[in-house]
Amino acid sequence: MNPEFLREGRAIEAFIHPDRIIIGSTDQKTIAKITELYKPLGAPIITVDSTAAEMIKYTSNALLATKISFSNEIGNLCKALGVDVYEVMKGVGLDHRISPHFLDAGAGFGGSCFPKDVSAIAAIAKKHGVIPTLLEAVLQVNDLQPLRMIKILSAHLGDLKGTRIAVLGLAFKDNTDDIRESRSIPVIAMLLEGGAHPVLYDPMATENMKHLFPQAEYAPSAVSALTGSDGCLVMTEWSEFATLDAEFNLMKQRIIIDGRHILKIKDAEGICW
(Lines give C-alpha, C1' and ligand atoms only; values in the text may rest on other atoms or scores of the structure.)
Protein backbone atom coordinates (compact mmCIF):
# COMPACT_ATOMS: atom_id res chain seq x y z
CA MET A 1 0.00 0.00 0.00
CA ASN A 2 1.63 3.18 -1.25
CA PRO A 3 -1.04 5.92 -0.95
CA GLU A 4 -0.77 9.04 -3.09
CA PHE A 5 -1.39 12.54 -1.78
CA LEU A 6 -1.71 14.33 -5.09
CA ARG A 7 -3.82 17.49 -5.45
CA GLU A 8 -6.05 17.62 -8.49
CA GLY A 9 -5.01 20.41 -10.82
CA ARG A 10 -1.56 20.50 -9.17
CA ALA A 11 -0.62 16.82 -9.28
CA ILE A 12 2.87 17.14 -10.79
CA GLU A 13 3.96 19.73 -8.23
CA ALA A 14 2.57 17.57 -5.41
CA PHE A 15 4.37 14.50 -6.72
CA ILE A 16 7.76 16.19 -7.09
CA HIS A 17 7.52 17.99 -3.74
CA PRO A 18 5.67 15.64 -1.38
CA ASP A 19 5.40 16.27 2.37
CA ARG A 20 6.04 12.59 3.02
CA ILE A 21 6.13 9.16 1.40
CA ILE A 22 4.08 6.38 3.01
CA ILE A 23 5.03 2.77 2.26
CA GLY A 24 2.89 0.02 3.73
CA SER A 25 4.22 -3.53 3.66
CA THR A 26 5.41 -6.36 5.88
CA ASP A 27 7.98 -7.50 3.31
CA GLN A 28 11.35 -5.85 3.97
CA LYS A 29 12.64 -6.53 0.46
CA THR A 30 9.66 -4.71 -1.04
CA ILE A 31 10.07 -1.80 1.38
CA ALA A 32 13.75 -1.48 0.44
CA LYS A 33 13.00 -1.38 -3.30
CA ILE A 34 10.19 1.17 -3.04
CA THR A 35 12.24 3.32 -0.66
CA GLU A 36 15.10 3.40 -3.17
CA LEU A 37 12.71 4.58 -5.90
CA TYR A 38 11.52 7.51 -3.79
CA LYS A 39 14.89 8.63 -2.37
CA PRO A 40 15.58 11.21 -5.13
CA LEU A 41 12.52 13.20 -4.02
CA GLY A 42 14.17 13.92 -0.69
CA ALA A 43 10.95 13.60 1.34
CA PRO A 44 10.57 11.85 4.71
CA ILE A 45 9.74 8.18 4.21
CA ILE A 46 7.53 6.35 6.69
CA THR A 47 7.19 2.58 6.56
CA VAL A 48 4.28 0.83 8.26
CA ASP A 49 2.10 -2.19 7.55
CA SER A 50 -0.41 -1.96 4.70
CA THR A 51 -3.46 -1.34 6.91
CA ALA A 52 -1.76 1.53 8.73
CA ALA A 53 -0.68 3.03 5.40
CA GLU A 54 -4.27 3.01 4.16
CA MET A 55 -5.44 4.49 7.46
CA ILE A 56 -2.94 7.34 7.10
CA LYS A 57 -4.47 8.22 3.74
CA TYR A 58 -8.05 8.16 5.01
CA THR A 59 -7.18 10.02 8.19
CA SER A 60 -5.29 12.78 6.37
CA ASN A 61 -8.24 13.54 4.10
CA ALA A 62 -10.74 13.23 6.94
CA LEU A 63 -8.79 15.74 9.05
CA LEU A 64 -8.53 18.24 6.19
CA ALA A 65 -12.26 17.90 5.53
CA THR A 66 -12.88 18.42 9.24
CA LYS A 67 -10.90 21.67 9.18
CA ILE A 68 -13.03 22.89 6.27
CA SER A 69 -16.36 22.03 7.89
CA PHE A 70 -15.19 23.48 11.20
CA SER A 71 -14.21 26.72 9.45
CA ASN A 72 -17.58 26.85 7.70
CA GLU A 73 -19.50 26.35 10.94
CA ILE A 74 -17.46 29.09 12.61
CA GLY A 75 -18.05 31.22 9.51
CA ASN A 76 -21.80 30.78 9.81
CA LEU A 77 -21.61 31.96 13.42
CA CYS A 78 -19.34 34.87 12.47
CA LYS A 79 -21.84 36.01 9.85
CA ALA A 80 -24.60 35.99 12.47
CA LEU A 81 -22.37 38.05 14.79
CA GLY A 82 -21.24 40.47 12.08
CA VAL A 83 -17.64 39.30 12.34
CA ASP A 84 -15.25 38.69 9.40
CA VAL A 85 -14.43 34.98 9.59
CA TYR A 86 -11.32 35.49 7.48
CA GLU A 87 -9.89 37.85 10.09
CA VAL A 88 -10.74 35.30 12.76
CA MET A 89 -9.12 32.40 10.90
CA LYS A 90 -6.04 34.46 10.10
CA GLY A 91 -5.53 34.91 13.82
CA VAL A 92 -6.28 31.26 14.51
CA GLY A 93 -4.06 29.95 11.71
CA LEU A 94 -0.96 31.73 12.97
CA ASP A 95 -0.90 29.27 15.86
CA HIS A 96 1.79 26.78 14.74
CA ARG A 97 -0.23 23.94 16.23
CA ILE A 98 -3.11 24.68 13.83
CA SER A 99 -1.59 26.24 10.65
CA PRO A 100 -3.55 28.44 8.22
CA HIS A 101 -4.18 25.69 5.67
CA PHE A 102 -7.76 24.57 4.96
CA LEU A 103 -9.28 27.23 7.22
CA ASP A 104 -10.93 29.13 4.35
CA ALA A 105 -14.66 29.27 5.03
CA GLY A 106 -16.94 28.96 2.02
CA ALA A 107 -19.29 26.67 0.16
CA GLY A 108 -17.64 23.44 1.33
CA PHE A 109 -15.50 20.67 -0.12
CA GLY A 110 -16.09 18.38 -3.08
CA GLY A 111 -14.07 16.23 -5.44
CA SER A 112 -13.28 12.54 -5.56
CA CYS A 113 -11.32 12.26 -2.29
CA PHE A 114 -12.67 14.14 0.72
CA PRO A 115 -16.37 13.12 0.56
CA LYS A 116 -15.50 9.54 -0.37
CA ASP A 117 -12.77 9.08 2.21
CA VAL A 118 -14.70 10.63 5.08
CA SER A 119 -17.69 8.42 4.22
CA ALA A 120 -15.42 5.38 3.95
CA ILE A 121 -13.72 5.86 7.29
CA ALA A 122 -17.10 6.50 8.93
CA ALA A 123 -18.44 3.26 7.43
CA ILE A 124 -15.38 1.34 8.64
CA ALA A 125 -15.91 2.76 12.12
CA LYS A 126 -19.54 1.61 12.20
CA LYS A 127 -18.53 -1.83 10.97
CA HIS A 128 -16.24 -2.14 13.99
CA GLY A 129 -18.76 -0.80 16.49
CA VAL A 130 -17.34 2.72 16.74
CA ILE A 131 -19.82 5.61 16.42
CA PRO A 132 -18.27 8.20 14.02
CA THR A 133 -20.05 11.22 15.51
CA LEU A 134 -17.53 13.83 14.39
CA LEU A 135 -17.03 12.38 10.89
CA GLU A 136 -20.77 12.30 10.25
CA ALA A 137 -21.06 15.89 11.45
CA VAL A 138 -18.31 16.91 9.00
CA LEU A 139 -20.36 15.49 6.13
CA GLN A 140 -23.60 17.01 7.41
CA VAL A 141 -22.10 20.51 7.63
CA ASN A 142 -20.71 20.10 4.12
CA ASP A 143 -24.07 18.99 2.72
CA LEU A 144 -25.91 21.95 4.22
CA GLN A 145 -23.31 24.66 3.52
CA PRO A 146 -23.95 25.36 -0.19
CA LEU A 147 -27.71 25.50 0.41
CA ARG A 148 -27.10 28.56 2.59
CA MET A 149 -26.36 30.41 -0.64
CA ILE A 150 -29.90 29.75 -1.83
CA LYS A 151 -31.23 30.96 1.52
CA ILE A 152 -29.26 34.21 1.19
CA LEU A 153 -30.39 34.62 -2.42
CA SER A 154 -34.04 34.10 -1.43
CA ALA A 155 -33.67 36.70 1.33
CA HIS A 156 -32.84 39.23 -1.39
CA LEU A 157 -35.21 38.10 -4.14
CA GLY A 158 -38.05 36.37 -2.33
CA ASP A 159 -39.63 33.66 -4.47
CA LEU A 160 -37.00 32.48 -6.95
CA LYS A 161 -39.54 31.25 -9.48
CA GLY A 162 -38.87 32.84 -12.87
CA THR A 163 -35.62 34.50 -11.80
CA ARG A 164 -32.48 34.26 -13.91
CA ILE A 165 -29.53 33.23 -11.75
CA ALA A 166 -25.93 33.17 -12.98
CA VAL A 167 -23.89 30.33 -11.49
CA LEU A 168 -20.17 30.94 -11.97
CA GLY A 169 -18.11 27.80 -11.44
CA LEU A 170 -19.17 24.18 -11.92
CA ALA A 171 -15.97 22.24 -11.17
CA PHE A 172 -15.38 21.34 -7.54
CA LYS A 173 -12.19 23.43 -7.62
CA ASP A 174 -10.21 25.53 -10.07
CA ASN A 175 -7.79 24.15 -12.67
CA THR A 176 -9.87 21.03 -13.34
CA ASP A 177 -12.99 19.94 -15.19
CA ASP A 178 -13.93 17.53 -12.39
CA ILE A 179 -17.48 18.04 -11.09
CA ARG A 180 -17.57 15.08 -8.70
CA GLU A 181 -19.30 16.18 -5.49
CA SER A 182 -19.06 19.79 -6.68
CA ARG A 183 -20.87 22.17 -4.34
CA SER A 184 -22.54 23.73 -7.36
CA ILE A 185 -24.56 20.54 -7.97
CA PRO A 186 -26.96 20.85 -5.00
CA VAL A 187 -27.22 24.60 -5.64
CA ILE A 188 -28.25 24.10 -9.28
CA ALA A 189 -30.68 21.34 -8.29
CA MET A 190 -32.33 23.60 -5.71
CA LEU A 191 -32.59 26.49 -8.16
CA LEU A 192 -34.33 24.27 -10.68
CA GLU A 193 -36.66 22.86 -8.04
CA GLY A 194 -37.60 26.39 -7.04
CA GLY A 195 -38.52 27.33 -10.60
CA ALA A 196 -35.50 29.54 -11.20
CA HIS A 197 -33.65 29.69 -14.51
CA PRO A 198 -29.95 29.00 -13.77
CA VAL A 199 -27.41 30.13 -16.35
CA LEU A 200 -24.20 28.17 -15.85
CA TYR A 201 -20.61 28.97 -16.77
CA ASP A 202 -17.27 27.31 -16.09
CA PRO A 203 -14.00 27.60 -18.05
CA MET A 204 -13.52 23.81 -18.19
CA ALA A 205 -16.38 21.81 -16.66
CA THR A 206 -19.38 22.76 -18.80
CA GLU A 207 -19.55 19.57 -20.86
CA ASN A 208 -19.39 17.37 -17.76
CA MET A 209 -22.18 19.27 -16.04
CA LYS A 210 -24.43 19.01 -19.10
CA HIS A 211 -24.76 15.30 -18.39
CA LEU A 212 -26.29 16.08 -14.98
CA PHE A 213 -28.39 19.11 -15.92
CA PRO A 214 -29.15 19.03 -19.65
CA GLN A 215 -32.16 21.29 -19.05
CA ALA A 216 -30.08 24.18 -17.73
CA GLU A 217 -28.74 27.03 -19.87
CA TYR A 218 -24.97 27.10 -20.40
CA ALA A 219 -23.26 30.39 -21.14
CA PRO A 220 -20.09 30.74 -23.25
CA SER A 221 -18.59 33.28 -20.84
CA ALA A 222 -19.03 34.85 -17.44
CA VAL A 223 -20.20 38.06 -19.09
CA SER A 224 -22.89 36.19 -20.99
CA ALA A 225 -24.07 34.45 -17.82
CA LEU A 226 -24.25 37.74 -15.90
CA THR A 227 -26.09 39.71 -18.58
CA GLY A 228 -29.70 40.23 -17.51
CA SER A 229 -29.43 38.02 -14.44
CA ASP A 230 -31.30 38.69 -11.19
CA GLY A 231 -28.58 37.21 -9.05
CA CYS A 232 -25.13 35.62 -9.20
CA LEU A 233 -23.63 32.75 -7.22
CA VAL A 234 -19.84 32.25 -7.35
CA MET A 235 -19.15 28.56 -6.68
CA THR A 236 -15.56 27.91 -7.83
CA GLU A 237 -12.36 29.86 -7.14
CA TRP A 238 -11.38 30.41 -10.78
CA SER A 239 -8.91 33.30 -11.09
CA GLU A 240 -10.91 34.85 -13.94
CA PHE A 241 -13.83 35.39 -11.54
CA ALA A 242 -11.64 37.29 -9.09
CA THR A 243 -11.10 40.06 -11.66
CA LEU A 244 -14.79 40.60 -12.43
CA ASP A 245 -16.03 44.08 -11.56
CA ALA A 246 -17.85 46.24 -14.10
CA GLU A 247 -19.22 43.04 -15.66
CA PHE A 248 -21.65 42.79 -12.74
CA ASN A 249 -23.29 46.00 -13.96
CA LEU A 250 -24.76 43.91 -16.79
CA MET A 251 -27.00 42.18 -14.27
CA LYS A 252 -30.66 43.09 -14.00
CA GLN A 253 -30.24 43.17 -10.23
CA ARG A 254 -26.77 43.39 -8.73
CA ILE A 255 -27.16 40.65 -6.13
CA ILE A 256 -23.86 38.79 -5.85
CA ILE A 257 -23.13 35.98 -3.41
CA ASP A 258 -19.53 34.81 -3.24
CA GLY A 259 -19.08 31.24 -2.07
CA ARG A 260 -15.27 31.28 -2.28
CA HIS A 261 -14.15 34.68 -0.98
CA ILE A 262 -12.45 35.62 -4.24
CA LEU A 263 -14.33 38.73 -5.42
CA LYS A 264 -12.75 42.11 -4.79
CA ILE A 265 -15.93 44.17 -5.23
CA LYS A 266 -17.40 45.72 -2.08
CA ASP A 267 -21.07 44.85 -2.61
CA ALA A 268 -20.67 41.07 -2.88
CA GLU A 269 -22.08 39.12 0.05
CA GLY A 270 -20.21 36.12 1.37
CA ILE A 271 -21.82 32.84 2.25
CA CYS A 272 -20.47 33.10 5.81
CA TRP A 273 -18.91 36.56 6.03
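Where is Ser 99 found? Ser 99 sits in the loop between helix H4 (85–93) and helix H5 (114–127). This is a predicted model.

- E3 and E4 run parallel and are joined by five bridges.
- Ile 165 has Pro 198 of E4 as its bridge partner.
- Val 167 stands opposite Leu 200, also in E4.
- E3 is mostly covered, with four of its five residues buried.
- E4 is mostly covered too, and four of its five residues are buried.
- Strand E6 (residues 231–234) and strand E7 (residues 256–258) also run parallel, joined by three bridges.
- Val 234 stands opposite Asp 258 in E7.
- As a general point, side chains in a regular strand alternate between the two faces of the sheet.

**Helix H7 against helix H8**

- Helix H7 (residues 147–157) packs with helix H8 (residues 184–193) at an angle of about 40°.
- The axes of H7 and H8 are 8 Å apart.
- That angle makes H7 oblique to H8.
- On the H7 side, Leu 147, Ile 150 and Leu 153 make the contact.
- On the H8 side, the contact comes from Pro 186, Val 187, Met 190 and Leu 191.
- By class, this contact has seven nonpolar residues, no polar ones and no charged ones.

**Lys 173: a lysine in a loop**

- Lys 173 lies in the loop between E3 and H8.
- Is Lys 173 buried or exposed? Its relative accessible area is 15%, and the cut-off for buried is under 20%, so Lys 173 is buried.
- A polar atom of the Lys 173 side chain lies 2.8 Å from the backbone oxygen of Glu 8.
- Lys 79 is 94 residues from Lys 173 along the chain, and their C-alpha atoms are separated by 24 Å.

- Most residues other than glycine have a negative phi.
- Ser 99 has a phi near 75°, a positive value in a residue other than glycine.
- Phe 102 is found in the loop between H4 and H5.
- Phe 102 has a positive phi of about 65°, although it is not a glycine.
- Phe 102 counts as partly exposed, at 35% relative accessibility.
- Arg 97 lies in the loop between H4 and H5.
- Arg 97 is exposed, with a relative accessible area of 68%.
- The side chain of Arg 97 makes a polar contact with the side chain of Asp 95, at 2.6 Å.

**Pro 115: a proline in H5**

- Pro 115 is found in helix H5.
- Pro 115 is buried, with a relative accessible area of 10%.
- Which residues does Pro 115 touch, not counting residues up to four places away in sequence? They are Phe 109, Gly 110, Leu 139 and Glu 181.
- Pro 115 and Asn 142 are 27 residues apart in sequence.
- In space, Pro 115 and Asn 142 are 9.0 Å apart, C-alpha to C-alpha.

How values were computed:
Residues are numbered from 1 along each chain as its sequence is written. This is a predicted model: local features need pLDDT of at least 70, side-chain atom pairs count only at pLDDT 80 or more; totals for chains, interfaces and linings use all residues. Side-chain values use heavy atoms; hydrogens and water are left out. Axes are lines fitted to C-alpha atoms, for helices over the stretch in contact, and angles run from 0 to 180 degrees between N-to-C directions. Helices (H or I, at least four residues) and strands (E, at least two) are DSSP runs, numbered from the N terminus. Angles under 35 degrees count as roughly parallel, over 145 as roughly antiparallel, 65 to 115 as roughly perpendicular and the rest as oblique. Contact means heavy atoms within 4.5 Å. Ala, Val, Leu, Ile, Met, Phe, Trp, Tyr, Cys and Pro count as nonpolar, Asp, Glu, Lys and Arg as charged, and the others, Gly among them, as polar. Two strands pair if DSSP finds at least two bridges between them. Buried means under 20% relative accessible area, exposed over 50%, partly exposed in between (1.4 Å probe, protein chains only). A polar contact is a pair of N or O atoms within 3.5 Å; within protein, one must be able to donate a hydrogen and the other to accept it, and residues adjacent in sequence count only if both atoms are side-chain atoms.
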